[in-house]
Amino acid sequence: MRAVVGVSAGENECQRAAESVDYTYPNDQSHANLWFHDHAHHAESEHVYRGLAGFYLLTDATEAALPLPAGRYDLPIALRDARFDADGGLVYRMDDPYNRTTILANGRPWPRVEVAARKYRLRLLNSSNLRFFSLRL
C-alpha cells in the first residue's frame, strides 16, 4: 500500500454524502504488516480512535520461504487505548491519553487467547493515535 507523494489517495478530496470513490493500491512491495485509515480533514484522529482503520498482512514468496509459525500460530494484533463512559460507550477527547485506561486488542478489551506450548508469531500494530506501548514477554 504505497501512495505516491502528491497523489496520496486524495486525502483532501471531499465527496458528497451520496457519492463514493474507490481507491486502488497495487501493494507492489515486499511482505509487510500494513494498515489503512481515512484522511478526513480534521476528523482523522477521532475516526482512527473509533476504529475506522484496518490492519492487513501482505505476503510474498520470500516471507513464505521463512521458517515462521503460520496459520493459527500467526497472530496479528492491533493494539490501541480507549476510554469508556459508565454505560460502556466509547469516549473521545482530543489529547486525552491519560484517561484512556482500557487497552484494546483487535478492538476487544482484555482479550484472551489459549495457546499451545510452542512458538507463535506475533504481528503487533500500534493503532493508538496518542500512546506508545512498551511491550515485553
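User: In which strand is leucine 58 found?
Analyst: This is a predicted model, in which local features need pLDDT of at least 70, side-chain atom pairs count only at pLDDT 80 or more, and totals for chains, interfaces and linings use all residues. Residues are numbered from 1 along each chain as its sequence is written, and side-chain values use heavy atoms, with hydrogens and water left out. Strands are DSSP runs of E with at least two residues, while helices are runs of H or I with at least four, and both are numbered from the N terminus. On that basis, leucine 58 belongs to the strand that covers residues 53–58, namely E2.

User: Is leucine 58 buried or exposed?
Analyst: A residue is called buried under 20% relative accessible area, exposed over 50%, and partly exposed in between, with a 1.4 Å probe and protein chains only. Because the relative accessible area of leucine 58 is 13%, this residue counts as buried.

User: Which residues is leucine 58 in contact with, leaving aside its neighbours within four places in sequence?
Analyst: Contact means that heavy atoms lie within 4.5 Å. With the neighbours within four places set aside, the contacts of leucine 58 are Asn27, Gln29, Ser30, His31, Ala32, Leu34 and Glu63.

User: Which residue stands opposite leucine 122 in E6?
Analyst: Two strands pair if DSSP finds at least two bridges between them. Strand E3, residues 74–82, runs parallel to E6 and is joined to it by six bridges. In this pairing, the residue opposite leucine 122 is leucine 75.

User: What is the average pLDDT of the protein chain?
Analyst: The pLDDT is the predictor's confidence in each residue, on a scale from 0 to 100. It stays under 50 over residues 1–9, for which the model has 14 contacts beyond four places in sequence. Across the protein chain, 88% of the residues score at least 70, and the average pLDDT is 86.
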